[in-house]
Amino acid sequence: MLDNPSYIIDTFFAIFAMVLIIFMVPGFAMLEAGLVRTKNVTSVLTVNVMIYAVASLSFMLVGYEYAFGSWDHQDSISKYAFFLFQMAFVGKVVNIMSGGVSERSRILPLALFTIAVGAFIYPTIVNITWGANFLEGTMFDISGMADLAGSTVIHSTGGWALLAAILIMGPRRGRYKKSGAVQVIPASNIPLVTLGAFLLWIGWFGFNGGSVGAISSKENADAVALTIMNTNTAGIAGAIVGWLLTYFTYKKFDVTMILNGALGGLVAVTAGPDQYDIYTPILIGAIGGALVVWFVPLFDKLKMDDPVGALSVHLVNGIWGTLAVGIFVPTVSIMAQLKGIAVVGAIVFPISFVIIYIINKLFTLRAGDEEQQEGIDYTECGMEAYPEFKRSI
Amino acid sequence: MKKIEAIIKPFKLEDVKEALVEAGIEGMTISEVKGYGRQQGHSELYRGAEYVIEFIPKIKIEIVVSSQAFADVAINAIKDAANTGKIGDGKIFVSDIQSVIRIRTGEEDEEAL
C-alpha cells in the first residue's frame, strides 16, 4: 500500500499536467513560426526558446515567492510539483504578448520585458487572485472572481500587455497602406501553424485539467474529467463556428482563422470549465470563435497589427471567458467577474505600457523599418530558417 | 547559332522536354519565373483581407542550337507540346548567339553544341 496516497497521486497528476502544458511551448513556437514570413522565422523561434527559459527562471528566483508568499504555502502535494505546475503558465503570458508583436521586435529588449513579466507583473496578478493576496480585505480584493485556469490571470494579462505593446510599437513596415487598405502578409508555413495550434490544444488539457488541483478523490477525478471534457468541447465549437463564419463571410475557408477560432473557444472556457454542464461550453466556445472572426479584421481596421491574432484570441476571449462564468453559473456573480477583469486590466495595462515604453526608449524594442525589410533573422540571428528557399519580400 | 527562350506553363515542362529530346535536342536549361501577359492574375484572401496575385508562375526553357534548321525543329516541338489552347500558354523568343564555349574542353561555337 502507498503511504500518503493522495499526496503521491496528486503530485503525479500535477507533474503530468505540467508536462501537457509544456506542449504549449512548441505549440506557440510552431504557430508563430508558421504565421510569420520566412525571413523572421529563426528570430521568432529564438524568442520562443528565450521566453520559456527566462520567464521560468525569473518566476523561480523571484516571482513564485512573491505570488504565493512562500515555497511552503501548501502541503497537499510536493512543493516542487506545485511550483512546476505554476511555472508552466508563466512563459505563456509572455508568448501571448510576443506573438502579437512578431516581425518587428528585437530579441534582447524582449528578454528584458520577459523578466519584468516573470518576476513582477504576472506574479502580482497571481498574488491577488490565486496566491497570497496582498489586497485581501481591501476594496480591490478580487479573490472572489471565478477563474479556474486563467482566462483573466493568464490570457487577459498577456492580452493587456500585448495591447500596450501594439500601441507603442505600431504595425509592421508596410502593413497599412496610405490608402487605408491592408497590405496582406501571408503565413509562410501553414502546416506549422496547424501543428502549433493542435499542440496548444493538447496543452490546454493540462492547463485546465491540472488547475482543478487534485485528482485523488472520486469528486476530484470527476471534476478533472469534466474540466477537460468542457475544455475540448469549447475548442471544437470555436473551430466549427470559425469554419462556418469565415465561409459565410468570405465564401472561402481560412484555416488560420478556423484554428484561431478554436483557440478562442479554448480561452473562453478557461475561467470555469469545472462549473459548466457539458453543453454550455458549446455556446461559450461558439461565441469565442465568432469573436475571433469578427475582431481580427476589426483590429486591422483600427491599424492594430497582430500577425497571430493574439489580441482577438487572448484579450477579447479572456474577458468573454471570465464574464461567461458569471452569466452561466448561478453561484457566481457577474459583478465579481467584472470587478476582477477591471482590476487586472487597471494593473497590467498601465504597468506594461510604462515598462515597454521605457524598454523601447532605452533599448529599442521596435526593429526599425530597414531591419524589418532585411528580416529580423538577418539582423539579430545571422542565420536563415530556410536557406535553400527564396526569401520573401 | 540561335538561342531559343520559351516561357511555358509549368505543368507542360515534361511534355515539352520529351518533345525536344525526341527532336534531337540534347540539352537545355530551365528556370522558374513569374510573369503575366494577357492572362490576368487572380485574387486571394488572407484573414479577411484580399490581395491580387499578378505574377503567375511559369517555366522558362533556354536552348542554344547550331543552326536555323535545328531552331525550327525545336520551335515546332515546343509549340506543339506546350499548347493547351487556353490563354497563358506562353511565348517563344529567338535570338542570335555570338559565341559558345564548352567549359570542360574549351571547344568553341558549333563544336561546343
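A residue counts as buried if 20 or more other C-beta atoms lie within 10 Å of its own, as exposed if 12 or fewer do, and as partly exposed in between. Keep that scale in mind for the views below, which all come from a predicted model.

**View 1. Phe83(A) sits in helix H4 of chain A.**
Helix H4 covers residues 79-100, and Phe83(A) is one of them. Phe83(A) has 18 C-beta neighbours inside 10 Å, so this residue counts as partly exposed. Leaving aside residues up to four places away in sequence, Phe83(A) touches Tyr64(A) and Trp71(A). Look also for Glu65(A): this residue is 18 residues from Phe83(A) along the chain, and their C-alpha atoms are separated by 9.7 Å.

**View 2. Helix H9 of chain A is mostly covered.**
Of the 15 residues in this helix, 14 are buried. Helix H9 takes in residues 255-269 of chain A. How far apart are its end C-alpha atoms? They lie 21 Å apart, which agrees with the 21 Å that 15 residues should span at 1.5 Å a residue.

Is Lys251(A) buried or exposed? Lys251(A) counts as exposed because it has 8 C-beta neighbours inside 10 Å.

**View 3. Thr364(A) also has a positive phi.**
Here the phi is about 60 degrees, although Thr364(A) is not a glycine. You will find Thr364(A) in the loop between helix H12 (334-363) and helix H13 (369-374) of chain A. With 14 other C-beta atoms within 10 Å, Thr364(A) is partly exposed.

**View 4. Val117(A) and Leu162(A) belong to the largest nonpolar core.**
In soluble globular proteins, nonpolar side chains tend to be buried together. The largest nonpolar core here has 122 residues, and Val117(A) and Leu162(A) touch the most other members. Which residues does Val117(A) touch, not counting those up to four places away in sequence? They are Ala55(A), Val93(A), Val94(A), Tyr122(A) and Ala161(A). There is also a second, separate core of 16 residues, with Val65(B), Ala74(B), Ala81(B) and Ala82(B) among them.

**View 5. Chain B follows the pattern β-α-β-β-β-β-α-β.**
Along its principal axes, the C-alpha trace spans about 60 × 30 × 20 Å. Of the 113 residues of chain B, 19% count as buried. Among contacts in chain B between residues at least 6 apart in sequence, 69% join residues at least 24 apart.

**View 6. Chain B meets chain A.**
How many residues of chain B are in contact with chain A? There are six, and they are in contact with 11 residues of chain A. On the chain B side, the elements that give two or more residues are strand S3 (42-46) and strand S4 (49-53). The residues on that side divide into four nonpolar, one polar and one charged.

Definitions and conventions:
Residues numbered from 1 in each chain as written. Chains lettered and ligands numbered in written order. Predicted model: local features only at pLDDT ≥ 70, side-chain atom pairs only at ≥ 80, totals over all residues. Contact = placed C-beta atoms within 7 Å. Helix = DSSP H or I, 4+ residues; strand = E, 2+ residues; numbered from the N terminus. Nonpolar A, V, L, I, M, F, W, Y, C, P; charged D, E, K, R; others polar. Expected span 1.5 Å × (residues − 1). Core = buried A, V, L, I, M, F, W, Y, C linked by C-beta atoms within 7 Å.
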